[in-house]
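This report describes selected features of a structure, from a helix and its surroundings to ring pairs and annotated positions. The sequence and the coordinates come first.

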Amino acid sequence: MAATSSSSSAGESTQANSKWLDAHYDPVANLYAFSSCVTLADLHGDGEYKLVVGDLGTSWHDMKLKVYRGTDLLSENALPDMPASVAAFLMEQHEPRTPAVAVASGPFVYVYKNLRPYFKFTLPPMEINPLEKDVWEQAKEDKIDPLSLKEMLEMIREKAEIPLSVRSLRFLALEPPEMGAFVNQYKMQPIKRQTVITCMATLKKNMADEDAISCLVIGMESNEILVLDPEAFTILARMTVPSVPTFLDVMGQFDVEYRMTVACRNGCVYIFRRDSKRPKYSIELSSQPVGLVRVQKNIVAACSDQTLQGYTQKGKKLWTVSLPATPMTMSLMEQKSRGFQAVLVALANMEVHMYQDKSLVTVIRTQDVVTSICYGCYGREDNTLVMTTKGGGLIIKILKRTAVFDRGDASTGVPTAQSIKLNVPKKTKLYVDQTLRERECSVAMYQVFQMELNRIRLQATRTYAQALESSLTPITETLQEPLKMNAVVQGIGPTFKLTLHLQTTSATRPAINLLISFLYDEGLYYMARPFFKAPMLVPGLNYPLETFVECLSDKGISDVIKVFVLREGESAPLLMAHINMPVSEGLAAA
Amino acid sequence: MGLFDKLAGWLGLKKKEVNVLCLGLDNSGKTTIINKLKPSNAQTQDIVPTIGFSIEKFKTSSLSFTVFDMSGQGRYRNLWEHYYKEGQAIIFVIDSSDKLRMVVAREELDTLLNHPDIKHRRIPVLFFANKMDLRDAVSSVKVCQLLSLESIKDKPWHICASNALKGEGLQEGVDWLQGQIQATKT
């Protein structure tokens with residue numbers, strides 16, 4: 001109770017804008033579990049869902065099956081071994097429809113009904129090495145002493161294809177003085193070789209309803225998957241996986257069609273269909289999977305290299321998102337009333353991220369590192385998020401009724417502009433022909449292009465060289481006298497004003513002793529001063545030099561006037577400009 | 001209104017009509033409370049979860065109550081706000097044994113009190129901390145604290161511990177409500 005009140009006051013500052021209500025936080029709930037060992041189920045058929053946790057405990061002897069109702073512990077059952085997975089499933093059609101709880105641990109599945117032990121299923125024993133069996137037979141009849149037994153077992157271990165049983169392995173690890181006692185204790189019992197369960201899931205038998213009976217699907221250390229009948233606990237199907245399965249996701253119905261997604265310890269995901277003994281598709285993840293969730297028809301896996309990866313059900317990669325920290329566990333979040341599905345990923349930096357496809361929808365900060373997530377109906381509330389933490393805490397959050405998630409909240413993800421379709425015109429016949437031609441004679445086209453390119457470069461270089469030789473440019477190329485000039489012609493004739501803008505581009509040195517000369521057809525134009533001295537050019541200033549040109553012809557013809565900028569005592573001009581004179585329009589009127 | 005009705009009103013024979021909204025989360029006992037307040041010959045034996053809402057009537061010594069018994073299920077809670085305008089009083093029922101969902105009740109109460117149709121009206125709010133008979137129920141004072149009722153300053157409110165199955169505590173609440181309504185009317 002104290003925890004409830006403290007959490008509601010602590011969460012007050014963040015609650016106003018959060019989408020989650022902090023219903024309960026108990027930092028000392030003493031719950032140590034992974035997502036596979038946490039489930040929500042309506043155990044008593046009264047519409048109030050309970051939390052079922054296979055608690056790993058803190059030592060080797062306090063494993064428990066705990067059931068919570070609301071904020072309180074309802075019941076506890078001691079478990080004989082570490083739970084690998086906990087699942088709630090309907091075993092039979094009888095009313096009332098109360099689900100049974102299956103706890104997979106070691107080679108057994110313990111089934112509880114009404115929270116009382118009901119049935120224990122043992123995995124079928126595996127084939128025993130005949131040599132090993134013979135050796136133990138001899139030991140039983142006291143034909144060999146423990147030391148030679150050890151030697152022979154070691155030989156078998158080296159060579160045999162079928163591995164040794166647990167008993168022989170344990171024997172080999174003993175010190176010689178302990179051996180005799182061990183042999184005497186166990187020699188009379190038959191040898192057994194058993195595998196252990198690594199993961200478990202449920203699969204609807206023949207109806208898709210919420211309250212239809214389900215089969216148990218079990219993944220084992222021996223690279224196999226079993227489907228069990230819910231009533232008789234017989235093996236309905238057996239499949240072989242290339243590696244040890246660690247996460248299972250099953251959809252569909254056993255009698256109709258189903259699809260099994262199995263993440264394995266070798267970092268691969270395999271997809272099985274009904275009647276396929278071997279995997280139909282396989283996905284090679286970039287790293288070991290930390291969790292596997294199916295969102296509608298896509299598979300989402302969190303990997304230990306801090307990525308979240310999405311695949312289609314045929315194993316095609318859709319996207320990868322990098323996570324800010326190592327993922328701890330993941331779970332599906334389904335808001336049935338809005339048809340919203342997302343993936344919750346708990347990270348090592350005490351955050352839980354919610355992704356819809358590859359866009360981050362929301363971030364929940366938690367008080368501790370979350371090790372298990374379970375989302376669903378708890379108590380009477382449909383959208384409840386139940387998490388347990390590394391320190392054994394229990395966090396329960398309830399989604400607000402008014403909360404709406406949209407991709408707009410996403411800080412990362414596809415920008416909206418990327419999804420706008422461009423109005424690309426249709427491919428014309430010309431385009432298609434051109435593409436075909438490009439494909440066919442690509443070599444010839446390339447050669448032609450290269451030749452033309454070289455030609456144009458040569459042409460450009462030649463023109464440039466010529467320009468340099470004759471100082472045709474309006475900018476000098478000599479470093480001593482960096483000059484810039486442009487000319488403007490004003491007026492409509494017969495008299496034009498010719499303005500030369502002269503500037504030195506040198507930063508420091510002024511230009512002195514410059515002369516300006518004009519070259520023109522004397523029959524056509526008259527200039528009062530065809531040759532004059534330019535003033536000293538101070539750097540940074542623009543000098544407009546004005547002269548007047550009179551057009552003598554009335555035939556409406558025009559010519560070019562050349563301007564030279566010269567240095568005193570040198571014949572080669574520093575700068576040269578050609579001025580295209582306009583046609584005199586005023587003469588006819590005069 | 002006919003002459004006879006007026007006459008009856010003066011003589012105190014005809015009672016004043018009041019519309020009351022009965023709100024609260026699902027499974028908190030709204031329908032059970034309303035059922036218990038009805039005359040014993042009109043009570044039903046089996047209470048089922050309300051779908052949408054139902055209208056019930058009962059009379060006290062001086063008032064005639066028309067109660068809108070709203071469904072508390074999540075998917076029907078958005079119907080509540082459509083009836084806020086008509087309501088002259090609110091009965092808010094809380095399941096005292098459901099500690100987990102106290103936050104949800106508080107959230108719904110906050111939404112209710114901040115709704116424009118309610119916010120600026122001084123309407124009486126009666127809280128029933130129901131299911132007091134259950135072993136893990138919290139006290140009405142604790143409910144008051146968990147819902148931070150003390151922050152409601154602009155409306156008269158009252159909290160009653162109740163056990164709707166036996167009818168304990170209901171009359172006290174209704175008497176308070178009646179007093180409040182008469183005080184505002186006159």
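Which are the buried residues of H4(A)? They are A:Leu149, A:Leu153 and A:Ile156, where buried means under 20% relative accessible area, exposed over 50% and partly exposed in between, with a 1.4 Å probe and protein chains only. Because these residues cover an arc of only 55° around the axis, they sit on the same side of H4(A); the arc is that of the directions from the helix axis to the C-beta atoms. An α-helix has 3.6 residues a turn, so residues three or four places apart point the same way.

This is a predicted model, in which local features need pLDDT of at least 70 and side-chain atom pairs count only at pLDDT 80 or more, while totals for chains, interfaces and linings use all residues. Residues are numbered from 1 along each chain as its sequence is written, chains are lettered from A and ligands numbered from 1 in the order in which they are written, and side-chain values use heavy atoms, leaving out hydrogens and water.

Helix H4 of chain A comprises residues 146–159. Its 14 residues reach 20 Å from the first C-alpha to the last, close to the 20 Å expected at 1.5 Å a residue; the expected span is 1.5 Å times one less than the number of residues. Helices (H or I, at least four residues) and strands (E, at least two) are DSSP runs, numbered from the N terminus. On the other side of H4(A), A:Leu147, A:Glu151, A:Glu158 and A:Lys159 are exposed. The cover over the buried residues of H4(A) includes helix H3 (130–140), helix H5 (166–172) and helix H6 (176–186) of chain A, with contact taken as heavy atoms within 4.5 Å.

The domain assignment of chain A gives domain 1 (130–186), domain 2 (429–469) and domain 3 (483–580); such bounds come from an automatic or database domain assignment. The C-alpha centres of domain 1 of chain A and domain 2 of chain A are 84 Å apart. In an unreviewed entry, UniProt lists residues 20–273 of chain A as "domain: Bardet-Biedl syndrome 1 N-terminal". UniProt positions are given in the numbering used here, feature names are shortened, and annotations may be inferred rather than shown by experiment. Over residues 20–273, chain A is 17% helix and 41% strand, and the end C-alpha atoms lie 38 Å apart.

**Aromatic pairs**

Rings of Phe, Tyr and Trp (its six-membered ring) pair if their centres lie within 6.5 Å; planes under 30 degrees apart count as stacked, over 60 as edge-to-face and the rest as tilted. The count over all chains comes to 17 aromatic pairs. Two of the pairs are tabulated here.

| Pair | Type | Centre to centre | Angle between planes |
|---|---|---|---|
| A:Trp20 and A:Tyr375 | edge-to-face | 6.3 Å | 90° |
| A:Phe108 and A:Tyr110 | tilted | 5.9 Å | 50° |

A:Trp20 is buried at 4% relative accessibility, and A:Tyr375 is buried at 11%. Ring pairs also link A:Trp20, A:Phe340, A:Tyr375 and A:Phe405 into a cluster.

**Backbone angles**

Most residues other than glycine have a negative phi, and most peptide bonds are trans. A:Gln296, not a glycine, has a positive phi of about 50°. A:Gln296 is in the loop between strand E18 (289–295) and strand E19 (298–303) of chain A and is exposed, with a relative accessible area of 52%. B:Ser148 is likewise not a glycine and has a positive phi of about 45°. B:Ser148 belongs to the loop between helix H5 (140–146) and strand E6 (157–161) of chain B, and counts as buried at 17% relative accessibility.

**Annotated positions in chain B**

An unreviewed UniProt entry places the feature "binding site" at B:Thr31 and B:Thr50. They span 20 residues in sequence, yet no two of their C-alpha atoms are more than 7.5 Å apart, so they gather at one spot. B:Thr31 lies in helix H2 (residues 30–37) of chain B and is partly exposed, with a relative accessible area of 22%. B:Thr50 lies in the loop between H2 and strand E2 (53–59) of chain B and is buried at 14% relative accessibility. Not counting residues up to four places away in sequence, B:Thr31 touches B:Ile47, B:Thr50 and B:Asp69, while B:Thr50 touches B:Thr31, B:Asp69, B:Ser71 and B:Gln73.
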